[in-house]
Amino acid sequence: MTHTITVRNINHALSEGLWYLSTCGVQEVSRNGPVIVAPGPVITEYLKPCERVLFNTVRNANPFFHLMEALWMLAGRDDLEWPARFNSRFSEYSDDGISINGAYGYRWRSWFNTDQLWGIIELLRKDPETRRAVLGMWDPSDDLGSTSKDIPCNTHVYFDLRGGVLNMTVLCRSNDIIWGAYGANAVHMSVLQEFI
């Protein structure tokens, strides 16, 4: 059962997502203990993706950290030092105390021995009708069966131009709606969309 949430911005998405889980969610067991999950895929469509600062007082998101992390990603980095300046809990996701294995930016810019961001920009410039502008973050040779503390939750991003507008579709294998999907990821991915 697929559920679609169409909202203006991240604040509405969190509210709608929490309502959906509270009314339709099912309890399951995860590696971190009991969780409530959607009974099927959830699609969230943002009408104003640049309205990305979350004002929910319960979530208490740090917009400065989210922006700094997004810039760290665009720079293609995987070091722990930079994001840990803004969020001391970031070190919990490092396997070696030096780097972050699943760092999106590093995977965007270096992991596959290519800068996927510039490749996608060039592809869209040359062929605005393309449906091949795919950004990969999941690497089955490294991530499948991995015991790392951090492997990508967001696995692929698809870009296309329709009516002169850049659309972006982000696919997730698993995502926490409070900390990930409707928290940090909404900022990271909307900044990525602006960059592209």
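1. Strands β5 (133–136) and β6 (154–162) run antiparallel and are joined by four bridges. Two strands are taken to pair if DSSP finds at least two bridges between them. Across this pairing, G136 stands opposite H156 of β6. Helices (H or I, at least four residues) and strands (E, at least two) are DSSP runs, numbered from the N terminus.

2. The model is predicted: local features need pLDDT of at least 70 and side-chain atom pairs count only at pLDDT 80 or more, while totals for chains, interfaces and linings use all residues. Residues are numbered from 1 along each chain as its sequence is written, and side-chain values use heavy atoms, with hydrogens and water left out.

3. The sheet that contains this pairing is open, with three strands in the order β5-β6-β7 and antiparallel pairing. Because β5 and β7 (165–172) stand at the edges with a single partner strand each, one side of each is left without a neighbour in the sheet. From one strand to the next, the twist averages 20 degrees.

4. Two helices lie across β5, β6 and β7. Helix α5 runs at about 175 degrees to β5, and helix α7 runs at about 140 degrees to β7. Axes here are lines fitted to C-alpha atoms, for helices over the stretch in contact, and angles run from 0 to 180 degrees between N-to-C directions.

5. The axes of α4 (residues 104–111) and α5 (residues 116–126) come within 6 Å and cross at roughly 65 degrees. R107, W108 and R109 of α4 meet Q116, L117 and W118 of α5, where contact means heavy atoms within 4.5 Å. By class, this contact has three nonpolar, one polar and two charged residues. Ala, Val, Leu, Ile, Met, Phe, Trp, Tyr, Cys and Pro count as nonpolar, Asp, Glu, Lys and Arg as charged, and the others, Gly among them, as polar.

6. Which residues of α4 are buried? They are Y104, G105, R107, W108 and R109; buried means under 20% relative accessible area, exposed over 50%, and partly exposed in between, with a 1.4 Å probe and protein chains only. The buried residues of α4 pack against α2 (63–74), α5, β5, α6 (140–143), β6 and α7 (177–195).

7. The largest nonpolar core has 27 residues, of which W108, L135, F159, L192 and I196 touch the most other members. A nonpolar core is a set of buried Ala, Val, Leu, Ile, Met, Phe, Trp, Tyr and Cys residues joined through side-chain atoms within 4.5 Å. Two or more residues come from each of α2, α4, α5, β5, β6, β7 and α7, with the largest share, five residues, from α2. Leaving aside neighbours within four places in sequence, L192 is in contact with L74, W108, L117, L135, F159 and M168. Apart from this core lies another, of 11 residues, among them V7, A13, L54 and Y182.

8. D143, in helix α6, counts as buried at 2% relative accessibility. Its contacts, leaving aside neighbours within four places in sequence, are with N101, R107, M137, W138, I151 and P152. E69, in helix α2, counts as buried at 7% relative accessibility. Not counting residues up to four places away in sequence, E69 touches F90, A184 and H188. The C-alpha atoms of E69 and D150, 81 residues apart along the chain, are separated by 15 Å.

9. Backbone phi values should be noted at two positions. N60 is in the loop between β4 (42–46) and α2, and its phi is near 50 degrees, a positive value in a residue other than glycine. At 60% relative accessibility, N60 counts as exposed. N113 is in the loop between α4 and α5 and has a positive phi of about 60 degrees although it is not a glycine. At 75% relative accessibility, N113 counts as exposed.
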